[in-house]
Structures are given as C-alpha cells and as structure tokens.
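Work through the exercises below with the model open beside you. Try each task before reading its solution.

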Amino acid sequence: MILPSIDENFLLRAPLSRRLYHEVAATLPIIDFHSHLDAGALAADRSYRDLSELWVEPDQYKHRAMRLHGVPERAITGNASPYDKFSQWAATVPHTLGNPLFDWTALELRRTFGVTEMLSPETQALVWERANDRLRQPSHSARALLASAQVELVCTSDRWLDDLSAHRELAQSAFETRVLPSLRADDALAIDEPGFLPWVKALGESTGTEVTDLDGFLHALDLRFDAFAALGCMLSDHGIDRFDYRPSTKAAAAAALRRALARQVLSLEEISDFRAWLLVHLGVSYARRGWVMQLHLGAQRRTSSRLRKLAGGAGGYAAIGYGADVPALCRFLDELEQAEALPKTILYTLNPSDYPALAALTGSFAEDGVATKVQCGPAWWFNDQALGIRAHLDAVSHIGMLSTFVGMTTDSRSLLSMVRHEYFRRLLCDYLGEKARAGAFPDDFSFLAGYVRRLAYDNARTWLPLPAPVSSSTS
C-alpha cells in the first residue's frame, strides 16, 4: 500500500502552513541538543549489517509497540534472528495507526531509503532488500546518515565515567556535523542504589583520587567535569522522576556520604539530604561553567520487574508518572538564584498536565538580557506526537512566550530519528498557519516565518552555549 498521506504537504492543512514549511522550515539545518546516539558508531563511521541492527534493535519506542501487539520478547530484545525481529516490527506497523510511530516509520523509510510503501508483512521483503542494499553503500554509513539529514550539531548523553575517546576522535576528524557530549549526571546522586559504592570506587580510580569523604568526592567530580568540558560539553541532564527537593546543608550531605562509604544503611532523610545538597552544588557548577541544566521529570520508570530483567533499565516499558511538584522546583531554582548561580534550565515533563504550570514557571525566574532563562522543554517521549506537540505549543504560547522557546530534540538512540525534527516542524507550521486562518495570529508570511526560523533553529543556536557552525568559523 502506497501512503498518499505522507506527501509533500503531510500535516500541513492551510496554504500558509505549506508555504512556511517548504520555504522556511525545510531549508534549516538541525540542532539536536538532547539525544542518545552512539558517539562510538559515529567516530568509527559505522556501516550497519542490516535494517534490524540500525533501526529495530536499538529503538525502545518500537519495542513498546511490539509488546502491545503481542510480540514475544524473544523477537523484541531476545535471541531471535535480525530478520525475525524486523519481520515482527513489519507486522506491528499497520497496527500503530494514530501513534507517531506510524508516521515516523513512513518518514524514515521514505527519507532514508526511498520507500513509499507502508511497511507490512506484504512489503517487508521488498523493504528489507532495498534498505540493506543501501546500507552497504557509503552513502548510508553512520556519519552519512546524519549529514544527509542536514544535522549541524548533535549532543549525545554520556555518564560521568563513560569513555569519551570517541568524542575526542570526532573532534579531531573532518566530520562537519559537530558531535558533543552532554553529561547525564544521575549516577552521582544515586546514593540509595546498590551500585553506588562500586561506582564511587570506579570514580576514584578513573580520576586518580582517593574518595573517602565529600571533599574527595567533589574533587573527583570536578576532574570529570574538566574532561567533559575539554570536549565541548555545555549541557547536563538529570532524570528525576519525582522532584521532592527540600534544602539541605553540606554538613548533612557529608555525614550521609560518610555513612554510605562505611556501608551503613541510610535513612530516607539522609538520602534526601545528600541528593538535595549535591543537586544544588551541581547546579552551581553548571552555572559557573556556563552550562545548561536539563531536568527530565514525571516518568514512572519502575513498572515491570520482569521486563527490567529481560530488557534492561531503559527497555521501553516506562509509564507517565507524577505531575511536577512546582513548590519543590521553586525552592530548588530559588536557592540557586539566591546564590547567583542559577544556570539556564530546561524543564521537560512526561506528564502533559504539567505544561501550563511549567510554562507559567518560565516567567518566575529571569535574568537581565536573557530570553526565557528557564524553559518549558519540548514535548518529550509519550508527548512527542501531534496532540502533545500542539498542547505544548498552546501552553507556551498562552502562558509563556512562544518566540523564545528553545525548540525540539529527538531524545532518540536511532540515527533515523532526525525525521522527528521534520515532524515537529510540519506541526509547528501547521499550528501557525491554522492560528492565522482562524484570525488568532496575523496572516502575515514574513512575520510568522520569523517564528518558524526561531523555533526550528535560531533559538537553539543562540540560547544554547554552542560552538559556532563550522561554516561560520571557517569562512
């Protein structure tokens, strides 16, 4: 079945929307400031064995849909053959109608492999053969896939102790797409997790530091900060599913860490003391280094213990959790602001009911000369679909300031997911065009084109502390 809906005017209802997309949005390069791409694959300019290895096996979004369709775990994350996993995904796709996966799948196949047919059991052999033939060509290596998608810059998500040598290779290479690390800092806060003490030991060994107290711990973290900064890192990230911050002191944090290092059981209060103080300390560090702090809120990651054992900690089985604790967020941000150390901050939420509250919060913390210092981050994860993106744009527009919104990210492990920027840009242009047609926005191409440029590219380029584009630095 050919998909006539995925044509040049896909998602673009108004004539003005179509003009905004084709003349403005489609011409802009991509800045993807939060992804989970594999820097090692890009450093090696990896060629992929087949479509399953590139597209199905690393994608938890697909895995979730396959489970919903009743596919056995063996054919999702288990030991089934690559073709069997691809075949199960092909059988699932026709049943994803209404889910963004239906649209993303069509866009990814069309843009990357020239496939216009809907993936299904009837077309899977054709798609498999055509895609694998392309993947054997240099035009479809890891780097080439990003270059063909007009990706100017992408930030990966890297933990404190991750090997950054791939980033070093990329920085020294001729690859025009900039690939920068961003620091996923959760491990330092996980004092209540069983793996914390082995992690602290590894931190000390990797930095040549004896971590026996809080000062030693902070020194070791500073050394890792320096390693990230040397490779261009300018963003941090925390996944804090339930943000229940309350102020703490360095003395309380030091006492909690001392007891943890002595293998003593910590109380909930001691855990909270350590996490709260260290989170503020890290926020101060980000501000002093000029980094952006990202907080991902509202996920319910602990659901099925069975799937956690089978598929790992990020296996596509999470759910939407609590709404944001706005008073706790205010206490945290205010403490940083009072210390004159509030970094630029992006607040993501998995609970869409939070959009109005977070959009309002963006006006509560400001700095002279800085546009929207605290951002209501883009529609994320389950909300990265037409309804969620429009709801987010409405909240930011009605309660915050749409013109200063920092823009979209993929939050993906798949190189083909850059089409999610196209998906967002089409919805953005449709949103503006429909508002103009309804008389809510000016029916003025030049005026609205400025919004498209800002939200699709310019704001990410100027609001984030990113290096200048290669073309600008070499011209």
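**Exercise 1. Two loop residues**

In which loop is Glu 340 found?

Solution. Glu 340 is found in the loop between helix H15 (326-338) and strand E8 (345-349). Helices (H or I, at least four residues) and strands (E, at least two) are DSSP runs, numbered from the N terminus. A word on the source: this is a predicted model, where local features need pLDDT of at least 70, side-chain atom pairs count only at pLDDT 80 or more, and totals for chains, interfaces and linings use all residues. Residues are numbered from 1 along each chain as its sequence is written, and side-chain values use heavy atoms, with hydrogens and water left out.

Next, take the backbone. Phi of Glu 340 is near 55°, a positive value in a residue other than glycine. Then take accessibility. Buried means under 20% relative accessible area, exposed over 50%, and partly exposed in between (1.4 Å probe, protein chains only). Glu 340 has 77% relative accessibility, so it counts as exposed.

Now place Trp 381 and decide: buried or exposed?

Solution. Trp 381 lies in the loop between strand E9 (374-376) and H17. Its phi is near 60°, a positive value in a residue other than glycine. Trp 381 counts as buried because its relative accessibility is 19%.

**Exercise 2. Arg 184 and its neighbours**

Say where Arg 184 sits and list what it touches.

Solution. Arg 184 is in strand E3. It counts as buried because its relative accessibility is 11%. Leave out residues up to four places away in sequence, and Arg 184 touches His 36, Ser 157, Asp 158, Arg 159, Trp 160, Asp 237, His 238, Gly 239 and Arg 301. Check Arg 159: Arg 184 is 25 residues from it in sequence and 4.8 Å from it in space, C-alpha to C-alpha.

**Exercise 3. Ala 395**

Which residues does Ala 395 touch, not counting residues up to four places away in sequence?

Solution. First locate Ala 395, in helix H17 (residues 386-399). Its relative accessibility is 8%, so Ala 395 counts as buried. It touches Tyr 355, Pro 356, Ala 359 and Gly 400.

**Exercise 4. H6 on H18**

Describe how helix H6 (residues 100-113) packs on helix H18 (residues 419-437).

Solution. The angle is about 120°, and the axes are 9 Å apart. That makes H6 oblique to H18. Axes are lines fitted to C-alpha atoms, for helices over the stretch in contact, and angles run from 0 to 180 degrees between N-to-C directions. Angles under 35 degrees count as roughly parallel, over 145 as roughly antiparallel, 65 to 115 as roughly perpendicular and the rest as oblique.

Next, name the partners. H6 brings Pro 100, Asp 103, Trp 104, Leu 107, Glu 108 and Arg 111, while H18 brings Val 419, Arg 420, Glu 422, Tyr 423 and Arg 426. The contact of H6 with H18 has five nonpolar, no polar and six charged residues. Ala, Val, Leu, Ile, Met, Phe, Trp, Tyr, Cys and Pro count as nonpolar, Asp, Glu, Lys and Arg as charged, and the others, Gly among them, as polar.

**Exercise 5. H12 on H13**

At what angle do helix H12 (residues 250-261) and helix H13 (residues 268-289) cross?

Solution. They cross at roughly 120°, and their axes come within 8 Å. H12 and H13 are therefore oblique to each other.

Definitions and conventions
Contact means heavy atoms within 4.5 Å.
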